[in-house]
Amino acid sequence: NPKAGSFMVNPRLQRIFTVITCFTPSAFVIQGIYSTILEKHLQAFIPQIQKLCEPIVNATIDTLVGGILNTPCFLPSASKFHYQFNLKDVANIFQGLLNTNGPLYKDGAMKFARVWLHECLRVFSDRLVSASDQGELLTILEKVSGKHFGNISKDDLFAQPLIMTSFVSQAGGNERKYLPAKDMPSLRHVVEAKLAEHNEQFAAMNLVLFDDAINHVCRISRITDNPCGNALLVGVGGSGKQSLARLASFVNAQDILTILVNQSYGMDALKFDLQEFYKKAAVKPGSQHAFLMTDGQIADEKFLVFINDMLSSGAIPDLFTREEYDAVLPSVRNQAKASGYSDDREGHFSFFIDKVRRNLHFILCHSPVGDDFRIRGRKFPALISCMVVDEFMAWPREALDGVARRFLIDLVSSGNLPDENILAAVAGNMAEVHLSIDAANRRFLVEERRYNYTTPKSFLELINFYMKMLMDKQNAVASNCERLERGLAIMEQVQHKVEGLKEDLKITMVQVGEKKAATAVLIDQVSKASAIAAQEKAVADEEEAKTTALANSAAALQSEADGELKEALPAMEAAGEAVNCLDKNSIGELKGFGKPPGECVDVCAACGFLLKNEKKKIDWKAAQKMMNNPAAFIDEVKGFNANVIPENTLKEVDLLLALPFFNFETMKGKSVAAANLANWVINCVKYHKIYVKVAPLMAKVEEATRTKTEAEEALKIVKKRVADIEEECARLGDKLDSAVKEKERVEKQAASCLSKLELAERLVNGLADEYRRWTGSVKELKDLQQRLIGNCLLSSAFVGYISPFSMKLRCELWKDVWTLDMSEKGIPITKDIDPLKVLASEADIAGWQNEGLPSDRISVENASVVTSCSRWPLMIDPQLQGVKWVKQRLGDDLAILQFTMNN
C-alpha cells in the first residue's frame, strides 16, 4: 500500500522481485461486482425496492469516485491523514445493506433508500473531523440522491433521525433486526433502559444520554455487531469514548476485556493477555467479546505490532507456541468440521483465527491531540484500514446544557439553587462559557501563536468545581448568618426578659408585703401559744413532783416487803420441787399399801388437813380415797394456795410436824412419795407462817402502787396536754421560720430581680447599635447567599478556563462575555464583581506577596487559580517568578523532581 507506512524499499531487496502495480478498479468493474451482490439480496424484497439496485450502486460509485475523491477537502493531510477512501468503504456500505430483511421493508422504496443514505453517512461522515467537511459530504449526497432517486422526496429521504439499529427490535422482545429508529424519544428510552440494566450488573456509569451520545452508542454498536467489526474512537479526553463503548458492548451482549497496565507491564504481559482473549473468543466460552483499549495504555509502541497483526489478519506470529496450539486447536475441531473446514491442522487453525476475528472486536479510544495518532496510523496501517473510525466532535450546546442540568439538579434539591429556572440559567451559562473558549482559542492562536485545548473533561470539572465552591461558600455564609441570627435572637430574648423582669419585680414586691404581714401574724400566734405552754408546763412539773414522791414511797414499801419475802421464797420453791418429784407411779405405789407404816398415815393426814380442811385426823382409807386419782391428786397439790391456811388447820398440822419422823430424810426410807409429800407440807407451812407476817406490808405496797399508778395516769394526761401545746408551739415556730425564710427569699429575689433588671437595661442600651448593625449584616448575608450563585459561577469559570490566556483576553472573556451572559439570563450576581475577590481575600494576596509573588494583576490571578484549582497546575514560567513563589510558599514541604534526575 503506497499510502501506508514507509514506501521506500531497499533497491537490493527490490531487484529480486517483479514490481506489479494494481490500480483502482473502474466504475464499470465496481458496478459489476456490487450489482450482482445487491441484486441477489433484493430478490426477497418488494419490486419497488428491487428496482433500486442499479440506482444504489451508481449512487455509491458517484459518491465515492465522482464526489469524495474529487473534492479537495477530502484529501489526506496532517490532521486528516485517515481520509483514505477506497473500495473497502464501498464494501462496508453494502455490508450494511445486506443486513436488512425483506419482510420488514414493505413500506416502499424510500425506506430502503434511507438505509443506503444511513450507511453512506456512517462509512464516510463518521470519520470526518470538522462540521465543514460533514456539510460538504451532505451536499454531495444530496446531489447524488437527487440524480439517482429523483422520484423520492428529498425531505423524506434526509428526515431526522436517521439511525439504523439492531438492538431496538430486540429490546421490544423480537429478534435482532436491522431497522430504523422511529424517533429519538423511543430510542433514548431503550438506551437508558440498557444503561440502567448495565449499572445493576456492573460498576455504575453516571452518563447523560444526550442526542450525540445516543448516536455514538448506535454507531459503536453497529460497528461491533458486524463480523470482524473493529472501532477506532477518536476524541479528546472526557468526551465519553470509554463509557459509550462499554454501553454499546453491553447492548450487543459482548463482554468487555481490558488490560491493566503498570510499570512492569510489557510485551510478555500483553502477549499473555492476548492469549487469554483469543481463548475466550474461540474456545471457552467462545462468545462475543470486546477488547477495549485506550491510547494511554500503549506503554510501548511495540504493543501496536501485535494489535496491527490482530486487526489485519487475526494471526499474530509467535502468539502461541506449537505446543500451545496443539492444546487449543483440538477444542475447536468438531466446530471446524461442522463449519466445512478441512479436518487437518491448517483447517483447524483457519477456523480458530476466523472465529477469533468474528467474536473478538477491538475498540481503541485515541486522542487526536499531538502527533502520536498520526504517526501510529502511518506506522501501523491496520489501525485505519481495518477499523471503522468514529470521530467524537466537541459537545454541542444542547449536550453541554443537558450534562450541566443533570449534575446541578442536586443543588436544587439541597437548596443551594432556589428553583429550576435558575438551574436552567446556570446550565446555559456554563455551556456559553465552554463554547466561548473555542473562539478565544482561535483568537489566541492568531494573536499569540499558541495553542490551547478545551475538552469535555474541562466542562465536567467546571461543574464539579462550581458545585463544591457554591456549597462551601454558601455554607460559610449560612454559618455566619446563623451565628448572627442567634446573637439577634439572644438580644431579643434579653429585651423580652427585661420586660418580664419588670413585671416579675412588681409581683415580687407585692409578695414581699404579703409575706411580711403574714409573718407578723404568725409571730403573735407563736407568742400567745408559748405563754400557754409555759403555764401548762408549770402545772405538769408540780404533778410530776407529787407523782415522784408517791413512787419513791411505794418503792420503799416494795423493797421492805421483798426483803421479808426472801425468807419465804426458798420454802415455796422447795415445796414446788417436792411436788415436781411426785408422779402417778409413786402416788399409786403409796396408795397401794395395805398396811402402811404409821408415819405414812400421818403424812397423808397432814395433806388431808391442808388440801381438804379436815376437822380431824383422817385414817388410811380416807387417805386412799384422797389419792384415788393420782393425776388429779398431783394437780391439786400443785394448785394449792399456801397463802390461805385456816388457823385450826395450821394447829393440827403443827402437831404432826412436831413428830420426830416428819422430815424428808426419815420418810425417804418409808416411801419416796410420802417423803416428797412430807417435804411439801413442811415448806408450805413454813411459807405460810412467813407470808402471814408480810401480808399487811404487801397490802400497803399494793395501796401505794395503786396510788402511784393513778398519779402517773394523771401525769400522763398533763404531759400529753403539755406535749400537744409544745407541738403546736413547735409547729407555729416552724411555720414562723418558714415564713421568715420565705420573706427573706422573696426579698432576695426582689433584690436579684432589680439587679438583673439594671444589668439587662444597661446591656440592651449598650447593644442597641450592634443590634441594628447585625440586623443589616443578616440581611446582607442572605442577599449574598443568593448572589453567590453568580459569583461562584464566574469564579469557577475563571479558574477552569482563564489561566492560559493573556490579560487582554482574560478581561474580555469574564467581563464582556461571561458576566454579560449571566445578566441576560437573570442569574443573581454582585454588581461589578471581580472573580479575584471571590477566590482570594486581601489577606491571602498580601500573604502571597510576602512569599515572593509579584504584585501585578496577572500574577495574583495565576496564584488564585493555582491555590483554588482541583487539577495539577502546569505553570509556564520563563522568568522563574512562579518557581520562586512556590519554593518560598511550601518551604521544606516541597519535593522537587527534574527530568535530568536519575530514577
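Buried means under 20% relative accessible area, exposed means over 50%, and partly exposed lies in between, with a 1.4 Å probe and protein chains only.

**Entry 1: ground rules**

I am working on a predicted model, so I note that local features need pLDDT of at least 70, side-chain atom pairs count only at pLDDT 80 or more, and totals for chains, interfaces and linings use all residues. Residues are numbered from 1 along each chain as its sequence is written, and side-chain values use heavy atoms, with hydrogens and water left out.

**Entry 2: the whole chain**

I looked up the secondary structure and found 35 helices and seven strands. Helices (H or I, at least four residues) and strands (E, at least two) are DSSP runs, numbered from the N terminus. Of the 903 residues in the chain, 42% are buried.

**Entry 3: cysteines**

How many disulfides does a search of the whole structure find? The search returns zero, where a disulfide is a pair of cysteine sulfur atoms within 2.5 Å. C792 counts as buried because its relative accessibility is 0%. C811 is at 21%, so it counts as partly exposed. C228, in the loop between helix 11 (211-225) and strand 3, is partly exposed too, because its relative accessibility is 31%. C228 also has a positive phi, near 60°, and is not a glycine.

**Entry 4**

I count two strands as paired if DSSP finds at least two bridges between them. Strand 3 pairs in the parallel sense with strand 6 (residues 360-366) over four bridges, and L232 stands opposite L364 there. Strand 3 also pairs in the parallel sense with strand 7 (residues 388-391), over four bridges, with V234 opposite E391.

**Entry 4: strand 5**

Which residues of strand 5 point one way, and which the other? H289, F291 and M293 go one way and A290, L292 and T294 the other. Six of the six residues of strand 5 (289-294) are buried. Strand 4 (residues 255-257) joins strand 5 in parallel over three bridges, with L257 opposite F291. Between these strands the chain passes through helix 13 (residues 267-282), and this β-α-β crossover is right-handed. The term means that, with the strands pointing away from the viewer, the path from the first strand over the helix to the second runs clockwise. Strand 5 also runs parallel to strand 6, with six bridges between them, and F291 has F362 as its bridge partner in strand 6.

**Entry 5: S239**

I found S239 in the loop between strand 3 and helix 12 (241-251). S239 counts as buried because its relative accessibility is 5%. A polar atom of its side chain lies 2.7 Å from the backbone oxygen of V236. Setting aside neighbours within four places in sequence, S239 is in contact with F392, W395 and P456.

**Entry 6: nonpolar cores**

A nonpolar core here is a set of buried Ala, Val, Leu, Ile, Met, Phe, Trp, Tyr and Cys residues joined through side-chain atoms within 4.5 Å. The largest has 88 residues, and L408, M430, F459, Y466 and W818 touch the most other members. Apart from this core lies another, of 45 residues, among them F45, Y83, L137 and I140.

The peptide bond from Q160 to P161 is cis, with omega near 5°, and P161 sits in the loop between helix 8 (154-157) and strand 1 (164-165). The bond from K284 to P285 is cis as well, with omega near 5°; P285 is in the loop between helix 13 and strand 5. Last, I looked at D832, whose phi is positive at about 55° although it is not a glycine. D832 lies in the loop between helix 31 (807-825) and helix 32 (835-839), and counts as exposed because its relative accessibility is 73%.

Terms used:
Polar contact = N/O pair within 3.5 Å; in protein donor to acceptor, adjacent residues only side chain to side chain. Contact = heavy atoms within 4.5 Å.
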